[in-house]
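Biologist: Could you take me through one part of this model up close? I'd like the metal site and whatever you can tell me about its surroundings.

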Amino acid sequence: MSERMSTGTHDRQWRTELEATLTHEFNTQTARLTELTADTGDPAEAHTKAALIAATRQSLEQITGALRRLAAGSYGSCERCGTAIPPERLEILPHARFCVPCQQKQNG
Ligand SMILES: [Zn+2]
């Protein structure tokens with residue numbers, strides 16, 4: 001078990017690292033989408049691909065949203081109730097838009 005440092009001194013670095021992570025993820029997903037949308041001429045693959053393309057597009061939207069919130073300074077706050085999303089959660093899911101209870105309501 002490790003206690004995460006939450007002092008302000010680390011904020012800037014944390015932000016920079018997060019931005020780099022999200023940007024990297026954005027590039028990865030964009031490359032993936034390009035690959036997926038490339039026509040292989042195999043109709044059997046088209047169906048499987050459609051789901052993957054949709055999932056990749058959704059990921060891209062989430063990443064873009066996170067980067068936008070980061071730039072706007074609203075990153076890390078739940079979009080639904082405004083509560084600060086726990087850093088542990090953001091570490092696992094950097095593009096999380098909701099706190100855990102709101103996310104559960106969203107899914108339910
Ligand atoms: Zn919430």
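This is a predicted model: local features need pLDDT of at least 70, side-chain atom pairs count only at pLDDT 80 or more; totals for chains, interfaces and linings use all residues.

Biologist: What arrangement do the four donor atoms around the zinc ion make, and why?

Modeller: The arrangement is tetrahedral, because the angles subtended by the four donor atoms around the zinc ion run from 104 to 117°. For a tetrahedral count, all angles have to lie between 85 and 135 degrees. The ideal value for four tetrahedral donors is 109.5 degrees.

As for who does the coordinating, it's the SG atoms of Cys78, Cys81, Cys99 and Cys102, at 2.3 to 2.4 Å from the zinc ion. Along the sequence, these donor residues follow the spacing C-x2-C-x17-C-x2-C. Take Cys78 and Cys99: this pair links distant parts of the chain, 21 residues apart. Cys78 sits in the loop between α2 and α3 (87-92), while Cys99 belongs to the loop between α3 and α4 (100-107). Both are tucked away: Cys78 is buried at 5% relative accessible area, and Cys99 is buried too, at 7%.

Arg69 is part of helix α2, which covers residues 43-72. With a relative accessible area of 9%, Arg69 counts as buried, so it falls under the 20% cut-off. Its side chain makes a polar contact of 3.1 Å with the side chain of Glu79. Setting aside neighbours within four places in sequence, Arg69 touches Ser74, Tyr75 and Glu79, plus His95, Ala96 and Arg97.

Note on methods. Residues are numbered from 1 along each chain as its sequence is written. Side-chain values use heavy atoms; hydrogens and water are left out. Helices (H or I, at least four residues) and strands (E, at least two) are DSSP runs, numbered from the N terminus. Buried means under 20% relative accessible area, exposed over 50%, partly exposed in between (1.4 Å probe, protein chains only). A polar contact is a pair of N or O atoms within 3.5 Å; within protein, one must be able to donate a hydrogen and the other to accept it, and residues adjacent in sequence count only if both atoms are side-chain atoms. Contact means heavy atoms within 4.5 Å. Donors are N, O and S atoms within 2.8 Å of the metal (3.2 Å for Na, K and Ca); water is not among the atoms, so sites may look incomplete. Four donors count as tetrahedral if all angles lie between 85 and 135 degrees; four count as square planar and six as octahedral if opposite donors are over 155 degrees apart and all others between 65 and 115; anything else is irregular.
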